[in-house]
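Biologist: Let us go through the labels in this model. I want to hear the criterion behind each one.

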Amino acid sequence: MPSKKALIRRPSPRLAEGLVTHVQRDKVDVDLALEQWEAYAEALRAHDWQTIEVDPADDCPDSVFVEDTVVMYRNVALITRPGAESRRAETAGVEEAVAALGCSVNWVWEPGTLDGGDVLKVGDTIYVGRGGRTNAAGVQQLRAAFEPLGARVVAVPVSKVLHLKSAVTALPDGTVIGHIPKVDRPSLFPRFLSVPEEAGGHVVLLGGHKLLIAASAPKTAELLADLGHDPVVVDIGEFEKLEGCVTCLSVRVRELYA
C-alpha cells in the first residue's frame, strides 16, 4: 500500500520576517498564520494523511515552508541546498525526520542550489524549475540522484514566480495546471490546463479526486469541481503574503518501502 505521511513544520515566531521576491511585502499576522497552519494540518489528517511534525526552527522565518528542504522520489530523500543562504539552516531537522522514516538520504552539495518548491513530480517525470533559487548544478545533482531510479528529469525555465510550483502543479491524471501569465513555457507540458487565478495553479493531491486548494482560488475550485474533482478548500492567506501556497506547507511522502 502507498504511504500517506506528510511532514509539516510549525511556523516560526519570526514568520513575518520571511523572504519576499516577486510580491510587495505585506504585514503578516503571526497568530492568524498559526491558526491557518493548524487548519491546514487538520485538513490533511481528515483525508487520512499522517502528519509528522519536524522539529521547529524558530530562528528561521521561512521554516514553515518545509517543502523547500527536501525532495522525495520513492523512498529516497534528497536534502536540498536552498538558493537563499538564510534558509540553509532549515535542512538539518528535516534530514533527521526523513532518516527516522527509513528513507535513503542524499544531499545537494555546493555549488548546487535547489529548492523543493521548484520540483514537480508527474508519475516518473520530474520537472525542475531553473530560476532564482535553483541553479544548473542543482538540476544536475537532482538528475544524478533520481535518474538511476527510473525518473525522467526535465528542466524548465522559471522567471515570473518564486518557484516552479508557484506557477504549476498537476491533477491526478497528470494534467499540469497553471495561470498562464505566471507560466514561462506552458508548451513544455504534454497536457496543460489554464486556470483563472494564480492561486488556482496550486493543488495538493489528497487521494482519489480530492484536491487541497487555497480559498483565494474560488473560480478555479469551481472549474475543477465541474471537471469531476473534489476541491478541499483551506485559507492560507497569511502564507500567501510570503509567496507560500498549499504545496509549500508540507512534504507528502507517498512511496515509502514497507
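Modeller: Strand β10 (residues 176–178) and β11 pair in the parallel sense, over 3 bridges. The model is predicted: local features need pLDDT of at least 70, side-chain atom pairs count only at pLDDT 80 or more, and totals for chains, interfaces and linings use all residues. Residues are numbered from 1 along each chain as its sequence is written, and side-chain values use heavy atoms, with hydrogens and water left out.

Biologist: Why are β10 and β11 called paired?

Modeller: Two strands pair if DSSP finds at least two bridges between them. β10 and β11 have 3 bridges, so they pair. Val 176 stands opposite Phe 192 in β11.

Biologist: What makes β9 and β11 edge strands?

Modeller: The open sheet has 3 strands in the order β9-β10-β11, with mixed pairing. β9 (168–170) and β11 (192–194) each pair on one side only.

Biologist: How do you know that β6 and β7 pair?

Modeller: Strand β6 (residues 119–122) and strand β7 (residues 125–130) share 4 bridges in the antiparallel sense. In β7, Thr 125 is the bridge partner of Val 122. The two strands form a hairpin with 2 residues between them. Gly 123 in the turn has a positive phi of about 65 degrees.

Biologist: Why is Ile 213 called buried?

Modeller: Buried means under 20% relative accessible area, exposed over 50%, partly exposed in between (1.4 Å probe, protein chains only). Ile 213 has 1%, so it is buried. Ile 213 lies in strand β13 (residues 210–214). Ile 213 touches (heavy atoms within 4.5 Å) residues including Val 203, Leu 224 and Val 246.

Terms used: Lists of a residue's contacts leave out its neighbours within four places in sequence.
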